[in-house]
Amino acid sequence: MKVILAAMALLASGAALAEGPAVSQDPMGMTGQLVFLGGFLVIFYFLLWRPQSKRQKEHKNLMGSLAAGDEVITAGGMLGKVIKVTDEYVVIEVAANIQFPVQKVAVTAVLPKGTIKEVKA
């Protein structure tokens with residue numbers, strides 16, 4: 001019984017909403033709404049999408065330009081010298097005879113030559 005009453009209440013309120021007011025209560029109009037929506041899209045483009053795609057492009061170029069002898073820092077904060085580069089991985093030497101493989105995507109920056117000597121000194 002409760003289900004039937006609830007369904008009737010929904011139908012009655014839906015019918016009342018479907019009729020709506022006779023006069024439009026929209027102060028901005030359709031053009032104003034489109035301009036407002038377009039403004040939001042422009043803001044999102046310049047504040048979110050464009051900077052993110054720019055960072056992705058820079059990181060992709062960084063991964064492609066890695067070479068043996070580069071001094072790099074990883075996402076985990078490890079500082080080392082690139083010994084070997086493959087398609088997916090780089091081998092980094094962090095100390096004398098201590099090497100480990102790291103995914104290329106984990107490399108966040110290539111440092112200027114001599115940075116490791118400055119840090120260790």
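This report walks through the fold, the core, a salt bridge and a pocket of one predicted protein model.

Because the model is predicted, local features need pLDDT of at least 70 and side-chain atom pairs count only at pLDDT 80 or more, while totals for chains, interfaces and linings use all residues. Residues are numbered from 1 along each chain as its sequence is written, and side-chain values use heavy atoms, with hydrogens and water left out.

**The overall fold**

Let's start with the elements. The protein chain has 3 helices and 5 strands, and from the N terminus on they run α-α-β-β-β-β-β-α. Here helices (H or I, at least four residues) and strands (E, at least two) are DSSP runs, numbered from the N terminus. Of the 121 residues, 14% count as buried; buried means under 20% relative accessible area, exposed over 50%, and partly exposed in between, using a 1.4 Å probe and protein chains only. Among contacts (heavy atoms within 4.5 Å) between residues at least 6 apart in sequence, 42% join residues at least 24 apart.

**The nonpolar core**

In soluble globular proteins, nonpolar side chains tend to be buried together. A nonpolar core is a set of buried Ala, Val, Leu, Ile, Met, Phe, Trp, Tyr and Cys residues joined through side-chain atoms within 4.5 Å. In this model the largest one has 9 residues: Leu62, Leu66, Val72, Val82, Val90, Ile92, Val94, Val102 and Val107. Its largest share, 3 residues, comes from β3. Leaving aside residues up to four places away in sequence, Val72 touches several others, among them Leu66, Val82, Ile92 and Val107.

**A salt bridge**

A salt bridge is a side-chain nitrogen of Lys or Arg within 4 Å of a carboxyl oxygen of Asp or Glu, and the count comes to 1. The side chains of Lys113 and Asp70 meet in it, at 3.6 Å from N to O. This pair links distant parts of the chain, 43 residues apart: Lys113 sits in the loop between β5 (107-111) and α3, and Asp70 in the loop between α2 (29-64) and β1 (71-74).

Here is how accessible some individual residues are.

| Residue | Relative accessible area | Class |
|---|---|---|
| Lys113 | 61% | exposed |
| Asp70 | 14% | buried |
| Asn97 | 75% | exposed |
| Val119 | 55% | exposed |

Asn97 is not a glycine, yet has a positive phi of about 60°; Asn97 lies in the loop between β3 and β4 (98-103). Val119 belongs to helix α3, and its C-alpha atom is separated by 9.4 Å from that of Leu79, 40 residues apart along the chain.

**The largest pocket**

On a 1 Å grid over the protein atoms alone, a pocket is an open set of points where a 1.4 Å probe fits, with protein on both sides within 12 Å along at least five of seven lines; lining residues have an atom within 4 Å of a point. The largest pocket holds about 150 Å³ of space, a volume being the space filled by probe spheres set on the points. Its lining includes Glu71, Leu79, Lys81, Val94 and Ile116. β2 (79-85), β3 (89-95) and α3 (115-120) each supply at least two of the lining residues.
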